[in-house]
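Here is a short briefing to read with the model open beside you.

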Amino acid sequence: METLCTEKTPEPGVFSDMLEERRRTSDLSYALKSYSPQPYKGHPPSSARALHQAVMDSQYLRYITQEIATESREPVEVIREEASGILEEMSHNLQLSVIRLLGYTLNKVFKSVFRRILVNEDGLNRLQQAIQEHPVILMPNHRSYVDFLVLSYILFTYDLPLPVIAAGIPLMGMKLIGELLRRSGAFFIRRTIGADKLYWAVLSEYVRTIVRTGSAPVEFYVEGLRSRTLKSLNPKLGMMHMVLEPFFKGEVYDISLVPISVSYDRLLEESLLAHELLGVPKPKETTMGLLKARKVLEDDYGSMHVCFGQPISVRELAKGRITRSQYNLVPRDLPQKPSEEIQAFVSVVAHGMVRLQERDTVLSPWSLMALILLQNPEGLALVTLTQRTAWLRGLVLKFGAHLDWPAQVSDEEVMSSSMSLHRSMVGCEGARVFLLEAPAPGGEASVSPEAAVFRRAAVVLMCASYRNQVLHVFVRPALVAVAMATTPSTRKEDVFTNFKFLQELFSNEFVFVPGMAAQDFEEGCLLLVKCEALQTSDQQLVRTEHGADTTSCLQAILQPFLQTYQVVFNYLTKDSALVFTERQYIPAVRSYCLKLTLAGELPTCEALSSDTQKNVLNALLRMNAVTKTKVGDQSEFRVNKAAIQRIGDILAGRIPPQSAAFSRL
């Protein structure tokens with residue numbers, strides 16, 4: 001699967017501002033424009049009613065309903081009626097008239113909140129060709145609620161077939177909005193399905209039928225959830241397996257997977273997401289809540305980039321890697337548990353698609369500025385910020401990233417424009433730039449020390465979310481730099497062992513394709529050599545004096561994560577009970593971090609992020625330093641304090657890791 005991540009893919013090409021023409025025409029004429037897309041193999045899309053009937057008539061669903069009826073001793077008609085009800089709740093009801101209505105509304109909204117929506121038209125041309133040849137799966141990253149509708153808006157604008165979109169069922173509960181989304185192509189999936197055999201059967205057959213017939217492109221978020229930190233999330237594999245199964249069973253010749261990268265200069269939900277990470281409950285998704293939030297639409301959010309990647313052939317990926325013979329041994333319509341080989345293939349493809357999303361992401365200058373500001377919590381001179389950002393710009397371009405840096409504009413103007421766009425979190429006085437504090441609730445004149453920490457932390461986490469958008473560019477060379485700093489030897493093998501340990505520990509923070517640790521290590525080393533920070537000879541890795549600034553910067557990028565993990569390790573080995581519940585963990589760790597911050601013993605507010613705290617626990621579970629058991633409706637965790645202490649000692653460079661312990665990577 002190495003080719004999925006290492007093979008040279010076409011450059012995104014030139015980005016065009018699709019709002020430019022929209023601003024010259026009326027919203028009504030846009031909504032009523034001619035729309036005549038070229039569908040898969042020239043077939044007209046199936047109606048919602050026909051799709052419903054095809055699912056209910058499928059031999060697979062007949063087999064499952066009969067099996068459940070036998071197990072439950074219920075009449076099969078009752079089970080089939082229940083299946084039909086699930087399908088009714090789930091199904092999309094895509095209607096062009098509603099798309100036109102939404103097009104009219106979105107045209108107004110997008111022209112108001114965004115300066116530009118930039119799209120790579122070469123990618124759209126490749127997508128147009130792919131749609132006519134094979135079933136297409138659209139796989140965007142998920143950073144904002146805006147993601148959900150922007151792709152349909154773009155495809156409608158460019159006369160491409162509209163997708164059907166996997167959406168969480170809470171959106172269905174929004175009065176009026178839920179039905180509008182359904183008629184815009186959304187099909188709704190319950191957040192927790194568990195062991196509900198009938199629901200799984202209906203959902204999987206519904207998705208497979210859409211893919212098998214090619215009636216519409218299927219759009220889903222392989223990360224599963226919207227990222228609250230703006231970092232990529234590790235993929236969820238259930239939907240991935242569903243969309244690939246028609247290929248595994250030989251029901252389609254090929255499937256095209258299209259990675260799509262959506263990035264924002266400024267996110268509409270930036271403050272909301274930061275406060276969620278600090279424990280403020282997520283607002284319930286309601287129509288009234290949406291109406292109350294409309295004042296957000298009065299602000300300026302800069303530009304949005306949407307990059308359509310090279311369509312990836314599943315057939316080409318599968319060559320020599322999987323055997324589909326297991327599907328030939330029994331009728332296609334009968335359920336089959338996928339082999340370990342198939343499961344591994346699905347996992348690697350899903351992880352690889354996330355990596356392709358990352359590679360096509362277009363970064364903004366503010367992402368680089370945010371990285372520097374977070375490394376200077378007391379602020380720094382504007383001239384220094386400008387110089388360091390310009391230096392970092394050269395580094396990310398050398399590392400192969402895509403950066404939207406305005407041409408024919410001075411660096412000083414770029415700094416000023418970015419700070420103006422993000423004035424809610426950054427200030428500049430006396431030529432000194434610094435992060436602000438979030439305003440006190442209700443405009444209170446004085447706040448408690450604890451509240452002051454959370455006000456500061458809210459802005460730090462907002463700023464960190466923009467820095468996080470660039471982390472995928474640096475993470476591999478940064479891990480090599482940290483591994484070298486904590487490895488006494490300069491032997492490449494020893495540094496690689498430490499690198500594997502770090503990769504295993506941080507595999508919930510960053511996306512790594514399973515089985516590619518050696519390739520990731522080589523990539524990190526090559527990038528360090530490319531920027532003249534590293535020399536390699538006779539299986540030795542030697543840091544250069546010339547590259548000291550680069551390696552220092554890369555190590556500092558990972559410092560908030562290193563500090564947070566060590567803080568949680570200290571809590572679990574010294575202050576935590578041996579056994580605790582899932583509900584107890586986050587409040588207890590947050591309280592511990594707050595106490596350290598107030599005492600001046602914790603230099604980073606990022607340790608207060610609940611997502612990072614959860615990632616530490618998941619890492620310890622994976623590394624067998626914590627065990628998890630189900631007790632009633634809760635999960636209990638048991639701590640192995642000696643094992644956690646050992647992991648902390650390895651992380652600090654006090655003892656070497658054992659290579660055999662990290663063979664999974």
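About 2,200 Å² is buried between domain 1 and domain 2, and carbon and sulfur atoms give 52% of that area. Three residues, Lys231, Arg266 and Arg355, supply 27% of the area that domain 1 buries against domain 2, more than any other three residues. Please keep in mind that this is a predicted model.

**The domains**
- The domain assignment gives domain 1 as 1-8 + 44-266 + 301-360, domain 2 as 365-547 and domain 3 as 563-652.
- Between the C-alpha centres of domain 1 and domain 2 the distance is 33 Å.

**Where domain 1 meets domain 2**
- On the domain 1 side 26 residues make contact, and they touch 24 residues of domain 2.
- Seven residue pairs are in polar contact between domain 1 and domain 2.
- Helix 1 (2-6) and helix 16 (340-359) are the elements that give two or more residues to the side of domain 1 that touches domain 2.
- Helix 16 provides the largest share of that side, with eight residues.
- Sorted by class, that side of domain 1 has seven nonpolar, nine polar and 10 charged residues.

**Salt bridges**
- There are three salt bridges between domain 1 and domain 2.
- A salt bridge joins the side chains of Lys231 and Glu509, at 3.0 Å from N to O.

**A hairpin to look at**
- Strand 13 (residues 426-429) and strand 14 (residues 432-435) run antiparallel and are joined by four bridges.
- Val426 has Leu435 of strand 14 as its bridge partner.
- Two residues lie between the strands of this hairpin, and Gly430 in the turn has a positive phi of about 60 degrees.

Technical notes. Residues numbered from 1 in each chain as written. Predicted model: local features only at pLDDT ≥ 70, side-chain atom pairs only at ≥ 80, totals over all residues. Heavy atoms only, no water. Pairing = 2+ DSSP bridges. Domains from an automatic or database assignment. Contact = heavy atoms within 4.5 Å. Buried area = accessible area lost by both parts, 1.4 Å probe. Salt bridge = Lys/Arg side-chain N within 4 Å of Asp/Glu carboxyl O. Polar contact = N/O pair within 3.5 Å; in protein donor to acceptor, adjacent residues only side chain to side chain. Nonpolar A, V, L, I, M, F, W, Y, C, P; charged D, E, K, R; others polar.
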